[in-house]
Amino acid sequence: MSADKRVDEDWKRRAQAEKELDAAKFTPAPAPAAPAGAAPAPAPAGPRGDLKPNPLFGGLIESLPSQALMFMGAMRDPMTGQAHQDFQQSQAMIEMLSMLEEKTKGNLAKEESDMLKQVLDEVRMHFVRLTQPPPPSPKGPMMGNKPR
């Protein structure tokens, strides 16, 4: 067996052992068996008051809308100093935020959940304002004006 093959196999074996150890650490203890016909307990759906906000999460949540706003042309590109619009990229950033909201539901501190919802609402509204055509102007005489 060559030295490269032996090192590779050793690395795989150690990685698998670490993976199993991590899985054992983070796997919850099995719940007591529920009586037959009992419905499983629902997972928490809203923000959790027992969690502390993570400052890194706030940084992530602020970076994605900043990118979305930059792609909407509302902010200048920090590298070029120019403003440009790329609504597809902006929409991708909004979809990432939406996916984060969906995937983290029930696992965020209240402050994190509120921040994510507020940022997502604001960036969506800004996107809609920029991408929707203005309403048509009213036709016909203005109020109080009579045609002659």
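Biologist: What is the relative accessible area of Asp114?

Modeller: This is a predicted model, in which local features need pLDDT of at least 70, side-chain atom pairs count only at pLDDT 80 or more, and totals for chains, interfaces and linings use all residues. Residues are numbered from 1 along each chain as its sequence is written, and side-chain values use heavy atoms, with hydrogens and water left out. Buried stands for under 20% relative accessible area, exposed for over 50% and partly exposed for the range in between, using a 1.4 Å probe and protein chains only. Asp114 counts as partly exposed, with a value of 37%.

Biologist: Which side chain meets that of Asp114 in a salt bridge?

Modeller: A salt bridge requires a side-chain nitrogen of Lys or Arg within 4 Å of a carboxyl oxygen of Asp or Glu. With 3.0 Å from N to O, the salt bridge joins Asp114 to Lys110.

Biologist: Which residue forms a salt bridge with Lys117?

Modeller: The structure holds two salt bridges. The closest N and O atoms are 3.0 Å apart, and the partner is Asp121.

Biologist: What order of elements does the chain show from the N terminus on?

Modeller: Helices (H or I, at least four residues) and strands (E, at least two) are DSSP runs, numbered from the N terminus. The chain has four helices and zero strands. Its elements run α-α-α-α.

Biologist: How far apart are the end C-alpha atoms of helix 3?

Modeller: Helix 3 covers residues 87–103. The expected span of a helix is 1.5 Å times one less than its number of residues. For the 17 residues of helix 3 this gives 24 Å, and the end C-alpha atoms agree, being apart by 24 Å.

Biologist: What arc do the buried residues of helix 3 cover around the axis?

Modeller: The buried residues of helix 3 are Ser90, Met93, Ile94, Leu97 and Leu100. The arc is taken from the directions from the helix axis to the C-beta atoms. These residues lie on the same side of helix 3, because their arc is only 115°.

Biologist: Which exposed residues does helix 3 carry on the face turned away from its buried side?

Modeller: The buried residues of helix 3 pack against helix 2 and helix 4. The face turned away from that buried side carries Gln88, Glu102 and Lys103.

Biologist: Which residues does Ser90 contact, leaving aside its neighbours within four places in sequence?

Modeller: Ser90 is buried, with a relative accessible area of 0%. Contact means heavy atoms within 4.5 Å. By that rule Ser90 is in contact with Ala68, Phe71, Met72 and Phe127.
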